[in-house]
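The sequence and the model are shown here.

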Amino acid sequence: MFFKDKHCPTCGGSGTQVFRPLNEKERPTVAPEHRRLTDLWRCTAPGCRWYQRWSKQSEGGRLPEELKNPEADPV
Ligand SMILES: [Zn+2]
């Protein structure tokens, strides 16, 4: 399941990004205060590490560097 039309604070700009739920590899890496939350989503934009609670951008943060989305292929 994917959602569109969500603004990503680290991608910035006025556009929106596609978000998907955190997977089992990503979930344990979130900040301790976020681990009890069940509705955590991440931005799927290339190079992005942002995750957040669906309804609340203030409850979010950055995933570790190794879980960063792959960069887009250079054109
Ligand atoms: Zn992003």
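In the hairpin of S3 and S4, which residue takes a positive phi? It is glycine 47, with a phi near 80 degrees, and the hairpin has 6 residues between the strands.

The model is a predicted one: local features need pLDDT of at least 70, side-chain atom pairs count only at pLDDT 80 or more, and totals for chains, interfaces and linings use all residues. Residues are numbered from 1 along each chain as its sequence is written.

**Confidence**

The predictor's confidence in each residue is given as pLDDT, from 0 to 100. The protein has a mean pLDDT of 90, and 93% of its residues reach 70 or more. Among the elements, S4 has the highest mean pLDDT (96) and strand S1 (residues 3-6) the lowest (74). Where pLDDT is low, the predicted coordinates should not be read in detail.

**Overall form**

The protein has 5 strands and 0 helices, so the order from the N terminus is β-β-β-β-β; helices (H or I, at least four residues) and strands (E, at least two) are DSSP runs, numbered from the N terminus. The C-alpha trace spans about 40 × 25 × 20 Å along its principal axes.

**Strand pairing**

Two strands pair if DSSP finds at least two bridges between them. The table lists two such pairs.

| Strand pair | Sense | Bridges |
|---|---|---|
| S3 and S4 | antiparallel | 3 bridges |
| S4 and S5 (residues 56-62) | antiparallel | 4 bridges |

S4 and S5 form a hairpin with 2 residues between them. Arginine 53 of S4 is the bridge partner of leucine 40, and arginine 53 also stands opposite lysine 56 in S5. Glutamine 52 has glycine 60 in S5 as its bridge partner.

**Core and contacts**

Of the 75 residues, 17% are buried. A residue is buried if 20 or more other C-beta atoms lie within 10 Å of its own, exposed if 12 or fewer, and partly exposed in between, with C-beta atoms placed from the backbone.

The largest nonpolar core has 10 residues: Cys8, Phe19, Leu22, Val30, Leu40, Trp41, Cys43, Trp50, Tyr51 and Leu63. Strand S3 (40-43) and strand S4 (50-53) are the elements that give two or more residues to this core, and S3 gives the most, with 3 residues. Such a core is a set of buried Ala, Val, Leu, Ile, Met, Phe, Trp, Tyr and Cys residues joined through C-beta atoms within 7 Å. In soluble globular proteins, nonpolar side chains tend to be buried together.

Leucine 22 lies in the loop between strand S2 (17-21) and S3. Leucine 22 counts as buried because 21 other C-beta atoms lie within 10 Å. Beyond its neighbours within four places in sequence, leucine 22 is in contact (C-beta atoms, placed from the backbone, within 7 Å) with Arg27, Leu40, Trp41, Arg42 and Tyr51. Leucine 40, with residues up to four places away in sequence not counted, touches Leu22, Val30, His34, Tyr51 and Arg53.

Notes. Two residues are in contact if their C-beta atoms, placed from the backbone, lie within 7 Å.
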